[in-house]
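Welcome! Let us take a walk through this structure together, stopping at a few places along the way.

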Amino acid sequence: MDIQNKTVLVLGGWGLVGNAVTRKLVAEKPKRIIITSLKKEEAEEEVKKLYSEYPDMPDDYFVPFWGNIFVRNQFKDISRLELLSDPQKRKILITDIMEELNDEILHSSTIYQLLSTYKPEIIIDCINSATGIAYQDIYSTYHKIKKTIEKKSSQEELIEQTEILLSTLYIPQLIRHVQILYNSMYVNGTKIYVKIGTSGTGGMGLNIPYTHSEEKPSRVLLSKSAIAGAHTLLLFLMGRTPDGPITKEIKPTAAIAWKRIEFGEIKKHGKPIEILNISLDEAVPLTGKLQLKMDKQYKYSGETLKSVFIDTGENGTFSRGEFEAITTQGQMEYVTPEEIAVDAIYEIKGGNTGHDIINALDNATLEPTYRAGFMQHSAVEKLAELEKIHNTNSVAFELLGPPRLSKLLHEINLLKLVCGGMKDIVKETAANLSKKTYDYLKANSKLRNEIISIGIPILTPDGKSLIRGNEIKIPPFRGDNEIEITPKSIDLWAHDGWVDLRESNMEIWKNRLKLLINEAESIPPNDTSSMYVRTKKYWNNFETIDIGKVVGWVFIKEEKGERMKA
């Protein structure tokens, strides 16, 4: 893809890799570059620095944006500690993570509003997402809630700690982030998304000697690797989604360095490390129990720690000794941010660096095989043969899911039973189809009871009654045993997993089959090339119905669920 004259969004543009990416981008002449960072001062500082380096650029060429992109826009400038400490904000945060994605959650998100404002054709994501999520440290949250239970604390305290635990769960946060990201890019026309990922351990294995004061290897560090891997697989799926952005990920397996080397104040969590003033006679005797946090507060000297350091961006500020140890041969070693930036831009422009892990996964996975495709026909034939021998229809068991699959299979099967071929169904009025299918089910208790026994209810033609069993798959249980019935909810539930005998649904089936027939009949009869799959012959000249083929077509055409890659 040509970068020239395109709007490029660099997520994490203040950081080490984002910094290098932005500078490499300028030479490609994009229309403008959006620079994001967590803090306002970081984004504005980076834009100011860029204008000093490239003074000829127009005023709106480098645009700063700041805030936490993993939360809704109204929370983007609020610290995580403050979010979790406020009961009302905490509940909203949990809802945004745990509830089904809807327009309110999507449109309120920082990502959606950022993309809606600037509509970038290209996104380069340099945020260390795995660190941001995994370093919320679910293990520390677990210990707090364990203590709360052991102390038999108040119900309010237990509720608070449980809500914090729900807010810290890694996978729901990651899934929601990818859902929002994909939908935001789809709506706003993003063409390509490149993620600068992480292996979580700088390319080292389970023997990695660097920990977070835990057992070796550190569970927090392994959580980072686990989230990084899960993130890659979700991007792998995004890259297999038709009409979505081209998706790539470059995953460095080494420490990334460096941004600057200086002498100065050493900071931790953005604050200078203060030097204590403790005399030898204040040594603590090792008897009884060791206090991790002292009741007594030692005095500070008034000075701060100053030394020579190397700034490795998000990975931290290291001393000479730390940097030398971590980058020595046989440890993490390191890669420069400029090398990563060159790869990212080359991939955007259509090059093949060999470092795109999504492409590597595509090439390494075991795709559908010729042998399996060849044998599929014989498997279906055997199933059909046994259906005849045992005088039964093998329709749906609701073990695969979703319930909509079972609902559609049973509906087309009913239409097949009462009408025969596709063209016979299309000729009937929707009212007649509604009546005939209902009459068939009233007379055939075996089929009726088989349908409701797998959790698929049957909505009567008047839409006022439901034939159901002890269990129904739709609506799914979400904690409330009773749900209010409205015309809108009936339509939603019928769409998702009820055999719908209403006239309106029969009209949908008629139109659906008309489209299917027209599609097949539009294929030139003398075209015997390999271009077309679903020909009239594929559909048995519309005389007999293979219900699985029909529902497969529905999932491809209506649900937009077509497989994109082998």
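## A guided walk

Tyrosine 334 is partly exposed, with a relative accessible area of 35%. Keep in mind from the start that this is a predicted model. Tyrosine 334 belongs to strand 15, which covers residues 334-335. Together with Trp258, Ile261, Phe263 and Val308, Tyr334 makes a nonpolar surface patch of about 520 Å². Patch members need over 30% relative accessible area, and tyrosine 334 has 35%.

Now step back and take in the whole chain. There are 22 helices and 18 strands to find. Along the principal axes, the C-alpha atoms fill a box of roughly 95 × 65 × 45 Å. The chain has 566 residues, and 41% of them count as buried.

How many strands form the open sheet in the order 17-16-18? The number is 3, and their pairing is mixed. Strand 17 (466-467) and strand 18 (499-500) are the edge strands, each pairing on one side only. In general, the strands of a sheet pair through backbone hydrogen bonds, and they can be parallel or antiparallel.

Let us turn to the aromatic rings. The structure holds 9 aromatic pairs. One of them is formed by tyrosine 51 and phenylalanine 62, an edge-to-face pair with 5.2 Å from centre to centre and 80° between the planes. Because tyrosine 51 lies in helix 2 (residues 40-53) and phenylalanine 62 in strand 3 (residues 62-66), the pair ties together parts that are 11 residues apart in sequence. Another pair, tyrosine 370 with phenylalanine 374, is stacked: the centres are 6.3 Å apart and the planes make an angle of 25°. Both residues sit in helix 15 (residues 370-390), 4 residues apart, so about one helical turn separates them. Tyrosine 370 counts as exposed at 70% relative accessibility, and phenylalanine 374 is exposed as well, with 61%. Return to Tyr51 and Phe62 for a moment: ring pairs link them with Tyr54 and Tyr61 into a cluster.

The charged end of lysine 259 sits over the ring of tryptophan 14, at 3.8 Å from the ring's centre. Over the face of tryptophan 509 you will find arginine 512, 4.3 Å from the ring centre.

Start with lysine 76 and aspartate 77, whose side chains meet in a salt bridge of 3.2 Å, N to O. Lysine 76 is buried, with a relative accessible area of 12%, while aspartate 77 counts as exposed, at 52%. These two labels follow from the cut-offs, because buried means under 20% relative accessible area and exposed means over 50%.

Where does the salt bridge between lysine 473 and glutamate 398 reach in the chain? Its closest N and O atoms are 3.6 Å apart, and the pair links distant parts of the chain, 75 residues apart. Lysine 473 is in the loop between strand 17 and helix 20 (487-497). Glutamate 398 is in the loop between helix 15 and helix 16 (403-419). Lysine 473 is partly exposed, with a relative accessible area of 24%, and glutamate 398 counts as buried, at 10% relative accessibility.

For a last stop, find aspartate 546 and lysine 549. They form a salt bridge in which the closest N and O atoms are 3.5 Å apart. Aspartate 546 counts as partly exposed, at 34% relative accessibility, and lysine 549 is partly exposed too, with a relative accessible area of 29%.

Key:
Residues numbered from 1 in each chain as written. Heavy atoms only, no water. Pairing = 2+ DSSP bridges. Helix = DSSP H or I, 4+ residues; strand = E, 2+ residues; numbered from the N terminus. Phe/Tyr/Trp six-rings, centres within 6.5 Å; stacked < 30°, edge-to-face > 60°. Buried < 20%, exposed > 50% of the residue type's maximum accessible area, 1.4 Å probe, protein only. Lys NZ or Arg CZ within 6 Å of the ring centre and 35° of its normal. Patch = residues over 30% accessible without salt bridge, like charges linked within 9 Å, V, L, I, M, F, W, Y side chains within 5 Å. Areas by Shrake-Rupley, 256 points an atom, 1.4 Å probe, with all protein chains shown as cover. Salt bridge = Lys/Arg side-chain N within 4 Å of Asp/Glu carboxyl O.
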